[in-house]
Amino acid sequence: MRLTKYTHSCLRIERDGAVLVVDPGVFSEAAALDGADAVLVTHEHPDHLDVAALTRRLDREPLPVYGPAALGAVLGDAAQALTPVAPGDTFTAAGIPVRAVGGRHAVIHPDIPVVENVGYLFDGTVYHPGDALHVPTDVEVQTLFAPIHAPWSKFSEVVDFIRAVAPRRAYALHDALLNDNGYGVLDRQYTALSRTDYQRLEPGSRIDA
């Protein structure tokens, strides 16, 4: 699989000429959706789902959208493209085997409702958790995209999450709210403490998995 990291939480996965895009949100580049054969969304928050951009893409050419059932309420006319998925579901998107895990977004504040959040395991080796620190079982994750900074997160908890998943390598996810000072501090700390090969990729960077 060829993986391209776009801004914030957007990931593009390509294999055998097919393209799968995860979490194309409002901070992500519109080009991430070019040529997509399927779109997966972890949850309904706009930094993970740009409804207008996805609707424009669907207007040009239909394609399947996978995500929690709650997305139907925010997708509007695009809801007809949605295939609801729940934790434990397995399916194939753009030719790539996918397993859905998790189920709930991390708590931001007790006064803010907790929404559905589905993390995705791709081909049993690559993990995109969305906005949650769910540790999947019965799988050896090779490549983890870890949400390193968010209103709901705490550095120590993210470090422990990376250690619990125990991937061969981890890449920064959910990082668009940081400036260069924050990148510098967190990059040093995650590199020192995560107990894995940790890196933060610049938007548009490609890696193989």
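In this predicted model, strand β11 (residues 143-147) runs parallel to strand β12 (residues 169-173), and five bridges join the pair. Within this pairing, L144 has A170 of β12 as its bridge partner. Helix α2 (residues 155-165) packs on the sheet, where it touches β10 (126-128), β11 and β12. The direction of α2 makes about 165 degrees with that of β11.

**The sheet containing β11 and β12**

- This open sheet is built from seven strands in the order β7-β8-β9-β10-β11-β12-β13, and its pairing is mixed.
- Its edge strands are β7 (90-93) and β13 (197-199), each of which pairs on one side only.
- On average, neighbouring strands of this sheet are turned by 25 degrees against each other, with direction ignored.

- R168 lies in the loop between α2 and β12.
- R168 counts as exposed because its relative accessibility is 52%, and the cut-off for this class is over 50%.
- When residues up to four places away in sequence are not counted, R168 touches V141, Q142, T196 and D197.
- The C-alpha atoms of R168 and Y198 are 9.1 Å apart in space, while the two residues are 30 apart in sequence.

**The sheet containing β2 and β3**

- A further open sheet has seven strands, ordered β6-β5-β4-β3-β2-β1-β14, and the pairing here is also mixed.
- At its edges stand β6 (82-84) and β14 (205-208); each has a single partner strand, so one side of each is left without a neighbour in the sheet.
- The twist from one strand to the next averages 20 degrees.
- Strand β2 (residues 11-15) pairs with β3 in the antiparallel sense, over five bridges.
- In this pairing, I13 stands opposite L20 of β3.

- V26 belongs to the loop between β3 (18-22) and β4 (38-40).
- Together with F27 and L177, V26 makes a nonpolar surface patch of about 260 Å².

How values were computed:
Residues are numbered from 1 along each chain as its sequence is written. This is a predicted model: local features need pLDDT of at least 70, side-chain atom pairs count only at pLDDT 80 or more; totals for chains, interfaces and linings use all residues. Side-chain values use heavy atoms; hydrogens and water are left out. Patches are made of residues with over 30% relative accessible area and no salt bridge: like charges are joined within 9 Å, nonpolar side chains (Val, Leu, Ile, Met, Phe, Trp, Tyr) within 5 Å. Accessible areas come from the Shrake-Rupley method with a 1.4 Å probe; for residues, only the protein chains shown count as cover. A salt bridge is a side-chain nitrogen of Lys or Arg within 4 Å of a carboxyl oxygen of Asp or Glu. Helices (H or I, at least four residues) and strands (E, at least two) are DSSP runs, numbered from the N terminus. Two strands pair if DSSP finds at least two bridges between them. Axes are lines fitted to C-alpha atoms, for helices over the stretch in contact, and angles run from 0 to 180 degrees between N-to-C directions. Contact means heavy atoms within 4.5 Å. Buried means under 20% relative accessible area, exposed over 50%, partly exposed in between (1.4 Å probe, protein chains only).
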